[in-house]
Amino acid sequence: RAIDFVAQQVCDLSGDDLASRLSLNSTASSVGALPLDQGKVMVMESNGETMVPDMLRRQLRGLYPGARVAQLKATGDFPYLSKPDEVTLFIEVHMRGIGACPV
């Protein structure tokens with residue numbers, strides 16, 4: 001389970017590392033849109049409840065209105081850990097669709 005993986009990672013961190021990561025995560029900041037070809041951008045979102053607020057999801061989609069949005073069936077904050085096959089499939093299909101990898 002993804003939560004077990006994350007819990008183990010937290011247990012393995014030193015106090016200084018944990019404090020710096022918590023500080024970084026709780027510091028208000030923002031990044032504007034990057035100059036990317038939006039036709040080649042895919043935003044992946046997991047289904048159900050996550051720690052990412054809906055407002056932040058909408059803001060990300062607003063930064064890249066031309067991007068594809070992949071709504072995963074996987075739930076939670078770590079779909080790449082809990083459902084890696086689904087995430088990999090979405091990435092492979094997207095990469096083929098933009099001509100970034102052979103069929």
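Predicted model: local features only at pLDDT ≥ 70, side-chain atom pairs only at ≥ 80, totals over all residues.
Start with the protein chain coloured by secondary structure: you will find 5 helices and 2 strands, where helices (H or I, at least four residues) and strands (E, at least two) are DSSP runs numbered from the N terminus.

Residues are numbered from 1 along each chain as its sequence is written, and side-chain values use heavy atoms, with hydrogens and water left out.

**The whole chain**

Buried residues make up 16% of the 103 residues; buried means under 20% relative accessible area, exposed over 50%, and partly exposed in between (1.4 Å probe, protein chains only). Among contacts (heavy atoms within 4.5 Å) with a separation of 6 or more, 70% join residues 24 or more positions apart.

Select Ser 46 in strand β1. Is Ser 46 buried or exposed? At 8% relative accessibility, Ser 46 counts as buried. Beyond its neighbours within four places in sequence, Ser 46 is in contact with several residues, including Arg 57, Gln 71, Leu 72 and Pro 79.

Next, pick Val 69 in strand β2 (residues 68-75). Val 69 is partly exposed, with a relative accessible area of 43%. Leaving out residues up to four places away in sequence, Val 69 touches Val 43, Glu 45 and Arg 61. Draw a distance from the C-alpha atom of Val 69 to that of Met 44: the two are 25 residues apart along the chain and separated by 5.9 Å.

**The largest pocket**

Now display the largest pocket, with a volume of about 1300 Å³. On a 1 Å grid over the protein atoms alone, a pocket is an open set of points where a 1.4 Å probe fits, with protein on both sides within 12 Å along at least five of seven lines; lining residues have an atom within 4 Å of a point. Which residues lie nearest its centre? Of the 36 lining residues, they are Asn 25, Met 51, Val 52, Leu 56 and Asp 77. The elements giving two or more residues to this lining are α1 (2-12), α2 (15-26), β1 (42-47), α3 (54-63) and α4 (79-82).

Stay on Val 52, in the loop between β1 and α3. Val 52 is partly exposed at 36% relative accessible area. Setting aside neighbours within four places in sequence, Val 52 is in contact with Arg 57 and Asp 77.

**Last stop**

Finish in helix α1 with Val 10, which is partly exposed at a relative accessible area of 38%. From Val 10 to Pro 53, 43 residues along the chain, the C-alpha separation is 23 Å.

Key
Points joined across faces, edges and corners; volume = space filled by probe spheres on them.
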